[in-house]
Amino acid sequence: MDVDVLVVGAGPTGLMLANQLVRRGVRVLIVDRHSGPSLQTRALGVQARTLEIYSQLGIVDRALELGKIGNGANLWAQGRKMARVPLGEAGRTATPYPYILILGQDDNERIMGDKLRDLGVSVQWSTELVGLAQEAGQVTATLESPGGASRKIAAAWVAGCDGARSTVRELSGITFPGAPYEHVFFVADTEVTGSMVPDEVNVYLWQKGFHLLFPMRGKDHWRIVGILPSALRDTHDVSFEAVIPSLRNEAGAGLSIKACTWFSTYRIHHRSASRFRDRRAFLLGDAAHIHSPVGAQGMNTGLQDAYNLAWKLALVVKGRADAALLDSYEEERVPIAQRLLNTTDRAFRLVVSDSWLVGLLRTKILARVAAFAMSLKRVQRIAFRIVSQTGIHYRTSALSQSQPGLPDSAPRGGDRFPWLRLELRADGPVEDLFQKLDDTRFNLIVIGQPSPAEGAIGLGDLCRIHAIPADPINDAELARAQLPQPSFYLLRPDGHVGLCGARLEAGAVERYASEHLHLRVRGA
Ligand SMILES: Cc1cc2nc3c(=O)[nH]c(=O)nc-3n(C[C@H](O)[C@H](O)[C@H](O)COP(=O)(O)OP(=O)(O)OC[C@H]3O[C@@H](n4cnc5c(N)ncnc54)[C@H](O)[C@@H]3O)c2cc1C
């Protein structure tokens, strides 16, 4: 076998997967048909859940240094500011990163590429996957370099992180049902001044669509995203100048445009692959699902696909788990993609519909309803959980087990374990629990009961135990997160709850690991 995993595509999804596999000791080859990293910004919004993953990977400081924090989003209609969604406030207790980080896809790729190189692996550019044959126990991939030179690589597994036109998907015979939208998007990197609230996202709703303005690094630097006025939809080579009249009309006559450094138009689709796996080949990111950029979810969802698959693939490659564990990748990620497609589709249709009635609804009613709803703290918190992706859960997965005895309000199997600040040593300082979790292993959180000895739970070096000391500060924090005492939570490496319950019985974790995770544990 030449490599354990061949990663096809060095966009954000492929780079995240390669990083996560390499740091778990997996032999990876990552190839991309382009001659070098992309210089286009494309995705721009980095969500809180992605930043939590970046933190575990050791790249969050670099991302924060290069990006711009968006603390809030402002909704405008007919020249008036209708509502402000205070992102920071709504997520303050939910995550260490209660905001959207405005950081271009190119910067995200550069940071992940640098990290991968630090780990000893470089992308093989100008290398295109052109053939894939699945055989017993391996995949043979044909890779082509410019000039037509081709070579064959034997890999145990292949990850198709090769974007919307995925070759892996095509060669695996997996269909990609869905459709294009009739609307055409434009993106422009500009230097402008106007009514926008500085350093925050500004959304201008208008009778026939919307304009989104994202603050970028640098003075008066804004990324503008909008839909082309219908009269321009079928025009080739639309220039930025052509969209300025509608922009001025809707985002205010006071908008003063000083420069435009990049302008591009694109037609978007909503599609989801019929399967995310064909035997030894997996699909992740845009290769598996594409949807409207409303909500800035696309890149983030691909990164989470990678984070979900990596630990499972690593355990299987290392012989610590049976391949049956990999079935949970599709089981967990297909519903997430479907839900995302449905919600972004509904939101997109509402914000772009050409209908006069919907236009009226958008500018008169939607803006007012949103203004009222967003004044409610509970709605703010729910909206933050959805957009930040911290609310994603796998409750229906076979890997998610909640023993009886926990109150309904408590976190359950499949949930992302809540962010907590606790005294992890009696009378010690208050610390960030997420910083203490080791995401290359399972983590067992033991609350309000004696902790088992290391080695007594049957997972050996695959698990870390974190006993939460009894303490008034801890009691208050646990109560806030609805974590009962006594309870225990076995977290998967990706931070989601695998097994949870009230009293930790001897053998429960080992049994769960063998029966549900398919781990090859001591007694199995
Ligand atoms: C204008 C625009 C704005 C967007 N804004 C946002 C946003 O704000 N937030 C957000 O989350 N998402 C956004 N998105 C979506 C986001 O860009 C994508 O979801 C993201 O790029 C997907 O990453 P990926 O790694 O899965 O695929 P890609 O980035 O498409 O990477 C795939 C890689 O695979 C390579 N490849 C393809 N075929 C082969 C082959 N046969 N052999 C070898 N290599 C191959 C390609 O060269 C490419 O480098 C936006 C998209 C666009 C176009």
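**Entry 1: H2 against H8.** I started with helix H2 (residues 48-57) and helix H8 (residues 298-317), which pack at an angle of about 45° with their axes 10 Å apart. That angle makes H2 oblique to H8; I used under 35 degrees for roughly parallel, over 145 for roughly antiparallel, 65 to 115 for roughly perpendicular, and oblique for the rest. The crossing of H2 and H8 is left-handed, meaning that the near helix is turned anticlockwise from the far one by less than a right angle (clockwise would be right-handed). H2 brings Arg-49, Thr-50, Ile-53, Tyr-54 and Gln-56 to the contact, and H8 brings Asn-300, Leu-303, Gln-304 and Tyr-307. Contact here means heavy atoms within 4.5 Å. By class I get 4 nonpolar, 4 polar and 1 charged residues for H2 with H8. For the classes, Ala, Val, Leu, Ile, Met, Phe, Trp, Tyr, Cys and Pro count as nonpolar, Asp, Glu, Lys and Arg as charged, and the others, Gly among them, as polar.

**Ground rules, for the record.** This is a predicted model, with residues numbered from 1 along each chain as its sequence is written. Local features need pLDDT of at least 70 and side-chain atom pairs count only at pLDDT 80 or more, while totals for chains, interfaces and linings use all residues; side-chain values use heavy atoms, with hydrogens and water left out. Helices (H or I, at least four residues) and strands (E, at least two) are DSSP runs, numbered from the N terminus. Axes are lines fitted to C-alpha atoms, for helices over the stretch in contact, and angles run from 0 to 180 degrees between N-to-C directions.

**Entry 2: H1.** Is helix H1 (residues 12-22) mostly covered or mostly open? Mostly covered: 11 of its 11 residues are buried, that is, under 20% relative accessible area with a 1.4 Å probe and protein chains only (exposed is over 50%, partly exposed in between). I noted Gly-14, Leu-17 and Leu-21 among them. The buried residues of H1 pack against strand S1 (3-8), strand S2 (28-31), H2, helix H5 (105-118), strand S10 (150-160) and H8.

I then took two of those neighbours in turn.

- With H5: the axes of H1 and H5 come within 9 Å and cross at roughly 25°. The two are therefore roughly parallel to each other. From H1, Pro-12, Leu-15, Met-16, Ala-18, Asn-19 and Val-22 meet Gln-105, Glu-109, Met-112, Gly-113, Lys-115 and Leu-116 in H5. The residues of this contact divide into 7 nonpolar, 3 polar and 2 charged. H1 passes H5 in a left-handed crossing.
- With H2: H1 and H2 pack at an angle of about 40°, axes 11 Å apart, and are therefore oblique to each other. Met-16, Asn-19 and Gln-20 in H1 meet Ile-53, Tyr-54 and Leu-57 in H2. That contact has 4 nonpolar, 2 polar and no charged residues. This crossing is left-handed too.

**Entry 3: the sheet of 8 strands.** I traced an open sheet of 8 strands in the order S6-S5-S12-S13-S14-S11-S15-S18, with mixed pairing. Two strands pair if DSSP finds at least two bridges between them. Strand S6 (80-86) and strand S18 (289-290) are the edge strands, each pairing on one side only. Strand S11 (residues 178-193) runs antiparallel to strand S15 (residues 256-272), joined by 13 bridges. Thr-190 stands opposite Cys-260 in S15.

**Entry 4: the sheet of 5 strands.** This open sheet has the order S19-S25-S24-S22-S23, again with mixed pairing. Strand S19 (401-402) and strand S23 (463-468) are at the edges with a single partner strand each, so one side of each lacks a neighbour in the sheet. Which way does S22 run against S24 and S23? Strand S22 (residues 442-447) is antiparallel to strand S24 (residues 487-491), with 5 bridges, and parallel to S23, with 6 bridges. Leu-444 stands opposite Leu-490 in S24, Asn-443 has Leu-491 in S24 as its bridge partner, and Phe-442 has Cys-463 in S23.

S22 is largely enclosed by the rest of the structure, because 6 of its 6 residues are buried. Phe-442, Leu-444 and Val-446 are buried on one side, and Asn-443, Ile-445 and Ile-447 on the other. Last, helix H14 (residues 508-515) lies across S19, S22, S24 and strand S25 (497-501), running at about 145° to S25.
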